[in-house]
Amino acid sequence: MERKTAETRTIDPPAPAGRAAARRWSRRLAAAVGLLVLCALPVAAAGAAQPGAAGSPAGPPLYVSDYGNNRVVTLPANGGDQSTVPLDGLVRPTGLAWDAAGRLYVSDTGNNRVVVLPPDGGEQSVVPAGDLSRPLGLAVDPAGNLFIADSFNDRIVRVAADGSGPAVVPTTGLLHPWGLAVAPDGGLYVSDFVNDRVVKVAADGSGQTTVATAGLSQPTGLALNAAGDLYVADSGNNRVVKVPAGGGPQTTVPTTGLSSPLGLALDGAGRLYVADGFNNRVVRVRETGGEQVTLPSTGLNTPTGLAFPPPAARPPHGPARTS
């Protein structure tokens, strides 16, 4: 079967409508080229933990979408063997998300679909989400509703937990949405990649607001901690920023040597994990910065999405394959 790749897209600009329109389509083309660059990167193994860093924490394994290798892998918290999640036919996977029942959702970006793996080790299936085009970020709310950043359609799709089917979330002006995160109040944060911003969409569909940030460039992954602080992978600036829940200025999380950070995850114990895409590694730092560690891994190629299983759902997902 011929494989589709996440970077392929033909863009036909509309008729000129002034300089603003020209800039808009130039930025959109840049986003498509950015995905092309992801596939052009060489494979390189990630490094080992840095001397003097914090010890390996106890807890569940971290799931990583290994974009360039068409797979999802797990990296054990205690530094054990990496394994490959038994998923078939993935092409350029990106976003990952779990629901409370232990189902793992994966954006199979190159195949324009989202697949779900049940917790009992059963067969994967395709989520009925309509006509997706390069889905990226995923999020699941407490009710089990799935949200999909349908990036090349410039929209967010909601797949209801009750089986009533997909629906488009009302938004305004999104261009290549990427990361998603569900807020404590039920609102949805969206990283609006081409527009260099993060927006919050109200849970009741009453509108969206732009999150107060400064200087973002091509934001990608999002993560929220228990206090409601929002972390943003500011990929164009090779950094991660923190937007405090109670307002106030953003801060940059102290990290070293990031190159196009893509996915983010929090372990609930004060540690932040970053998919350091162009360095082909995953790093861990304190939420407050410091004690940076590169997680031991083998052969990652543009890690993109990160996710921990929820505390009540730590399934084996069938026989893992050591990689």
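# Close-up views of a predicted model

**Figure 1. Surroundings of Thr304.** Leaving aside residues up to four places away in sequence, Thr304 touches Ser65, Tyr67, Pro93, Thr94, Trp178, Leu262, Gly263 and Ala275. The model shown here and in the other views is predicted. Thr304 belongs to strand β24, which covers residues 303-307. With a relative accessibility of 3%, Thr304 counts as buried, because the limit for a buried residue is under 20% relative accessible area. One of the residues touched by Thr304 is Thr94; the two lie 210 residues apart along the chain, and their C-alpha atoms are separated by 5.4 Å. The side chain of Thr304 also has a polar atom 2.9 Å from the backbone oxygen of Thr302.

**Figure 2. The whole chain, for orientation.** The protein chain has one helix and 25 strands. It consists of 323 residues, and 52% of them are buried. Among contacts in the chain with a separation of 6 or more, 46% are between residues 24 or more positions apart. The accessible surface of the chain comes to about 13300 Å². Carbon and sulfur atoms account for 52% of that surface.

**Figure 3. The sheet β8-β9-β10-β11.** Four strands make up this open sheet, in the order β8-β9-β10-β11, and their pairing is antiparallel. Which strands stand at the edges? They are β8 (135-140) and β11 (166-168). Each of these has a single partner strand, so one side of each is left without a neighbour in the sheet. From one strand to the next, the twist averages 25 degrees. Strands of a sheet pair through backbone hydrogen bonds, in a parallel or an antiparallel arrangement.

**Figure 4. Pairing of β9 with β10.** Strand β9 (residues 146-150) pairs with strand β10 (residues 155-159) in the antiparallel sense. Five bridges are found over this pairing. Asp150 stands opposite Arg155 in β10.

**Figure 5. The sheet β20-β21-β22-β23.** This open sheet has four strands in the order β20-β21-β22-β23, with antiparallel pairing. At its edges stand β20 (261-266) and β23 (293-294). Each edge strand has a single partner, so one side of each lacks a neighbour in the sheet. Strands β21 (residues 271-276) and β22 (residues 281-286) run antiparallel and are joined by six bridges. Within this pairing, Leu272 has Val285 in β22 as its bridge partner.

Figure 6. Asp276 and Arg281 form a salt bridge, with their closest N and O atoms 2.6 Å apart. Are the two residues buried or exposed? Asp276 is buried, its relative accessible area being 0%. Arg281, at 15% relative accessibility, also counts as buried. The side chain of Arg281 makes a polar contact with the side chain of Thr294 as well, at 3.4 Å. Thr294 lies in strand β23 and is buried, with a relative accessible area of 2%.

**Figure 7. The salt bridge between Asp267 and Arg271.** The side chains of Asp267 and Arg271 meet in a salt bridge, at 2.6 Å from N to O. Asp267 is partly exposed, with a relative accessible area of 23%. Arg271 counts as buried at 15% relative accessibility. The two residues are classed this way because the limit for burial is under 20% relative accessible area.

**Figure 8. The salt bridge between Lys242 and Asp229.** Side chains of opposite charge can pair when their charged atoms come close. In the salt bridge of Lys242 with Asp229, the closest N and O atoms are 3.8 Å apart. Lys242 lies in strand β18 (residues 239-243), whereas Asp229 lies in the loop between β16 (219-224) and β17 (230-234). The pair therefore ties together parts that are 13 residues apart in sequence. Lys242 counts as partly exposed at 21% relative accessibility, and Asp229 counts as buried at 13%. The salt bridges in the model come to eleven.

Key. Residues are numbered from 1 along each chain as its sequence is written. This is a predicted model: local features need pLDDT of at least 70, side-chain atom pairs count only at pLDDT 80 or more; totals for chains, interfaces and linings use all residues. Side-chain values use heavy atoms; hydrogens and water are left out. Two strands pair if DSSP finds at least two bridges between them. Helices (H or I, at least four residues) and strands (E, at least two) are DSSP runs, numbered from the N terminus. Axes are lines fitted to C-alpha atoms, for helices over the stretch in contact, and angles run from 0 to 180 degrees between N-to-C directions. Buried means under 20% relative accessible area, exposed over 50%, partly exposed in between (1.4 Å probe, protein chains only). Contact means heavy atoms within 4.5 Å. Accessible areas come from the Shrake-Rupley method with a 1.4 Å probe; for residues, only the protein chains shown count as cover. A salt bridge is a side-chain nitrogen of Lys or Arg within 4 Å of a carboxyl oxygen of Asp or Glu. A polar contact is a pair of N or O atoms within 3.5 Å; within protein, one must be able to donate a hydrogen and the other to accept it, and residues adjacent in sequence count only if both atoms are side-chain atoms.
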